[in-house]
Amino acid sequence: MDQPATRLHEILDRIAAAAKVARREADDVTLIAISKTHPAQRIAPLIEAGQRVFGENRVQEAAEKWPDLRDTCPGIELHLVGQLQSNKAEQAVQLFDCIHSLDRSSLVGALAKAMDKAGRQVPCFVQVNIGAEEQKGGCAIADLPALLAETRAAELPLAGLMCVPPAGIEAAPFFALLGKLADDNGLAGLSMGMSDDFETAVMLGATHVRVGSALFGAR
């Protein structure tokens with residue numbers, strides 16, 4: 001029967017198999033269950049099955065549904081994987097445990113101010129527009145060194161790099177490129193890979209994979 005717990009264990013098994021091929025440890029890969037648009041009653045079975053790391057795209061949606069869920073399970077870790085407006089930085093810092101979409105100078109300043117005010121350090125992935133797609137967020141590859149330097153100067157905790165490759169084509173070259181960019185800039189974290197390509201991402205060094213539909217089923 002296709003239940004959330006069954007799907008969760010299948011995904012974890014696939015991550016472990018991909019890690020083994022790459023001679024990595026499965027425990028070095030964090031599965032982020034992308035729960036955007038899903039109500040609390042669809043998320044609860046995954047929590048009951050042992051999943052503790054979840055991802056949301058929008059600050060407001062997360063603020064509405066996660067406080068009650070976290071009351072039932074204090075060990076939840078919540079990641080922001082969608083674009084972040086600078087005027088939502090303060091709320092994001094209070095709500096999330098990790099931010100995957102730092103992509104511009106103005107957001108560096110907003111997050112630094114918000115973290116200072118909250119007295120809370122939230123690790124950030126710098127999002128790279130790995131396919132140079134105009135419609136997508138993310139820092140241009142050519143601008144990455146400057147943005148990383150600014151982020152470090154602002155003393156924001158850098159978790160690594162994040163990307164969303166172009167749809168409909170082989171993702172592996174883009175994952176490999178993100179890995180090289182991370183190596184070149186002294187970063188270990190790689191947030192890459194979603195439902196259709198997370199195994200490839202794991203084999204190419206992903207430390208965090210963002211899986212939604214493969215866990216929750218079709219919306």
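## The chain as a whole

What share of the 219 residues of the protein chain counts as buried? It comes to 48%, where buried means under 20% relative accessible area, exposed means over 50%, and partly exposed is in between (1.4 Å probe, protein chains only). Keep in mind that this is a predicted model, in which local features need pLDDT of at least 70 and side-chain atom pairs count only at pLDDT 80 or more, while totals for chains, interfaces and linings use all residues. Residues are numbered from 1 along each chain as its sequence is written, and side-chain values use heavy atoms, with hydrogens and water left out.

The protein chain has 9 helices and 8 strands; helices (H or I, at least four residues) and strands (E, at least two) are DSSP runs, numbered from the N terminus. Along the principal axes, the C-alpha atoms fill a box of roughly 50 × 40 × 30 Å. For 219 residues, a compact globule would have a radius of gyration near 17 Å, and the protein chain agrees at 17 Å. That radius is taken over C-alpha atoms, and the globule rule is 2.2 Å times the number of residues to the power 0.38.

## Contacts, surface and charge

Now for how the chain meets itself. Take the contacts between residues at least 6 apart in sequence: 59% of them join residues at least 24 apart, with contact meaning heavy atoms within 4.5 Å.

## Helix 5 and its cover

Helix 5 runs over residues 105-118, and its 14 residues should span 20 Å at 1.5 Å a residue; the end C-alpha atoms are 20 Å apart, which agrees. The expected span is 1.5 Å times one less than the number of residues. Just after the helix, Gly 119 takes a positive phi of about 65°.

Which residues of helix 5 are buried? They are Leu 107, Val 108, Ala 110, Leu 111, Ala 114 and Met 115. An α-helix has 3.6 residues a turn, so residues three or four places apart point the same way. The cover over the buried residues of helix 5 includes helix 4 (89-95), strand 4 (98-102), strand 5 (124-127) and helix 6 (144-153).

Glu 56 sits in strand 2 (residues 53-56) and counts as buried because its relative accessibility is 0%. Leaving out residues up to four places away in sequence, Glu 56 touches a list that includes Lys 36, Lys 65, Trp 66, His 79 and Phe 96. Val 81 is also one of its contacts; the pair is 25 residues apart in sequence and 5.9 Å apart in space, C-alpha to C-alpha.

Ile 34, in strand 1, is buried too, at 7% relative accessibility. Beyond residues up to four places away in sequence, Ile 34 touches Gly 55, Val 81, Arg 210, Val 211, Gly 212 and Phe 216. With Phe 216, the separation is 182 residues in sequence and 8.5 Å in space, C-alpha to C-alpha.

Arg 23 is in the loop between helix 1 (4-21) and strand 1 (30-34), and at 82% relative accessibility it counts as exposed. Thr 37 belongs to the loop between strand 1 and helix 2 (40-48).

Between Glu 48 and Pro 4, 44 residues apart along the chain, the C-alpha separation is 9.6 Å.
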